[in-house]
Amino acid sequence: MERSTNGVHLRNGDGSGKLRGYSAWSLLQHGLTSSEWPRTWHDHDLRNSYDVVIIGGGVHGLATAYYLATNHGIRNVAVLEQAYIGSGGSGRNTAILRSNYLTPEGVRFYDRSVKLYEHLAADLNFNVMFSQRGHLTLAHNDSSLRTMRWRTEVNKLQGVDSDVIGPDKVKELVPYMDTSPYTRYPILGALYHPPGGIVRHDAVVWGYARGADAHGVHIHQKTEVTGIDVERGTVTGVRTNRGPISAPVVVNATAGWSTLISDMAGVEMPVQTFPLQAAVTEPVKPFLDTVVVSGTLHVYVSQTDRGELVFGASVDPFASYSIRGSLEFTEGVAGHVLELMPPLSKMRLLRQWAGLCDMTPDYSPIMGPTDVEGFYVDVGWGTYGFKAGPVSGEAMAACIADGRPPEIISAFGIDRFTEGRLVGEKGAAAVGH
Ligand SMILES: Cc1cc2nc3c(=O)[nH]c(=O)nc-3n(C[C@H](O)[C@H](O)[C@H](O)COP(=O)(O)OP(=O)(O)OC[C@H]3O[C@@H](n4cnc5c(N)ncnc54)[C@H](O)[C@@H]3O)c2cc1C
């Protein structure tokens with residue numbers, strides 16, 4: 001790998017995967033002149049056939065394309081995105097990463113993702129700003145504490161750093177937190193997970209897009225899939241607003257839209273789509289260097305590198321494809337944040353937004369082949385799927401290349417719902433993200 005003097009290098013977009021180095025001087029020149037920046041990914045004519053068509057230009061679709069190309073040499077791949085890449089949940093989430101789940105299958109899976117995230121900036125040669133600042137899940141009652149002890153044991157058995165701590169240690173980590181016993185929901189303890197943190201979600205999307213593009217993948221934005229062709233139980237291609245494409249492998253990576261796509265292939269999935277809202281405040285000086293989650297109060301808070309506080313909650317209480325913000329959410333989230341950190345009462349909210357979440361009955365994803373030969377799904381990401389982008393991309397690429405799911409996702413097949421092998425993650429995934 002060629003290194004420039006300041007360590008900045010960009011890949012050529014000619015499919016060669018070669019790196020292009022930039023000196024500090026040439027970066028400055030680019031900034032001060034009108035000379036064109038090299039494109040991070042490129043527009044291509046739509047071919048009438050690809051080896052693999054991936055529907056959905058979020059982190060899952062793009063990561064799958066990237067690992068197909070880099071780990072398996074499968075480069076005749078198209079990612080079809082109806083709008084722009086990252087316009088779904090991947091550009092709307094609150095970017096919390098962690099692996100302190102409840103089931104051994106879940107912990108192993110998400111831990112692999114955290115490990116991939118730790119090296120992602122170097123692998124993609126793109127700063128994804130992963131900050132492992134620690135993740136706190138507060139317990140306000142005995143049953144939460146019990147679940148946290150259970151999670152700690154499962155986590156430790158899988159080699160994941162997490163522990164139950166008391167209110168004093170919580171106060172040490174977050175001095176602004178009201179840990180007194182006189183609040184409506186006193187803090188009895190917390191699950192502390194030091195490797196958890198936040199990442200810059202756009203950078204992850206752009207980094208994967210650039211990496212995939214550099215290895216020959218075609219990313220087609222404004223390309224909506226309108227139908228899927230299946231002949232005698234085998235997928236043969238897709239129809240789009242820009243014309244038909246034939247392909248022996250089609251991957252559904254459309255999260256909140258995933259049932260609409262699977263229906264086109266005649267594959268029924270136990271998924272329902274719910275809106276999830278979030279909000280951000282004006283920026284202030286850094287004071288919160290831990291992610292704080294309260295499942296009981298249905299709220300979580302983190303501070304970005306720009307200084308804004310990011311607030312989130314659980315999904316809206318009804319299934320919908322709407323991405324409107326609501327006053328109920330704003331009121332609820334503000335009230336709950338203030339119960340945890342009263343000194344924030346003077347802060348102003350800047351904006352709020354929503355995204356779509358594809359919820360499964362057991363709060364675990366659905367990954368792998370389906371009854372339609374060549375039609376794969378990577379869905380059911382609910383409110384927690386951004387953190388899984390790297391591992392699911394890696395695993396889905398292996399699944400397509402080898403024709404069978406790798407061990408790390410074998411528990412997440414769609415057949416678990418008919419065979420009664422649910423992977424119940426509600427206790428660790430409901431608000432935790
Ligand atoms: C407010 C909010 C906060 C969240 N916080 C977290 C968090 O802190 N941590 C975490 O891990 N997860 C979080 N999530 C969940 C996370 O955002 C998603 O699980 C994840 O982004 C899903 O990624 P994806 O690539 O599967 O789907 P998406 O990013 O949604 O991409 C799917 C894409 O498919 C495209 N598409 C749909 N239909 C078609 C079609 N017919 N043709 C072509 N393209 C189509 C869409 O336009 C979309 O861009 C949050 C979600 C929200 C909404």
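Colleague: Which domains does the assignment give for the protein chain?

Modeller: For this predicted model, the domain assignment of the protein chain gives domain 1 (1-38) and domain 2 (39-127 + 201-271 + 362-429). Taken over C-alpha atoms, the centres of domain 1 and domain 2 are separated by 29 Å.

Colleague: Next, the ligand. How many residues surround the ligand, and which are the closest?

Modeller: The ligand is surrounded by 40 residues, and the closest are Gly 58, Gly 88, Gly 89, Gly 355 and Gly 385. Two or more residues of this shell come from each of α2 (59-72), β15 (272-281) and β19 (349-359). The largest share is that of α2, with 3 residues.

Colleague: Now a helix. How should I read the direction of its side chains?

Modeller: An α-helix has 3.6 residues a turn, so residues three or four places apart point the same way. As for the case here, helix α7 (residues 201-214) has 14 residues and spans 20 Å from its first C-alpha to its last, close to the 20 Å expected at 1.5 Å a residue.

Colleague: How many residues of α7 are buried?

Modeller: A residue counts as buried if 20 or more other C-beta atoms lie within 10 Å of its own. In α7, 11 of the 14 residues are buried, so the helix is largely enclosed by the rest of the structure. Among them are His 201, Tyr 208, Arg 210 and Asp 213.

Colleague: Then the strands. Is β17 covered or open, and what lies on each side?

Modeller: Strand β17 (residues 299-303) is mostly covered, with 5 of its 5 residues buried. Val 299, Val 301 and Gln 303 lie on one side, Tyr 300 and Ser 302 on the other, and both faces are covered.

Colleague: In which sense does β17 pair with β16, and with β18?

Modeller: Strand β16 (residues 291-294) pairs with β17 in the antiparallel sense over 3 bridges, and Val 292 stands opposite Val 301 in β17. β17 also pairs with strand β18 (residues 309-312) in the antiparallel sense, over 4 bridges. There, Gln 303 stands opposite Leu 309 in β18.

Definitions and conventions: Residues numbered from 1 in each chain as written. Predicted model: local features only at pLDDT ≥ 70, side-chain atom pairs only at ≥ 80, totals over all residues. Near = placed C-beta within 6 Å. Domains from an automatic or database assignment. Buried ≥ 20, exposed ≤ 12 C-beta atoms within 10 Å, placed from the backbone. Pairing = 2+ DSSP bridges. Expected span 1.5 Å × (residues − 1).
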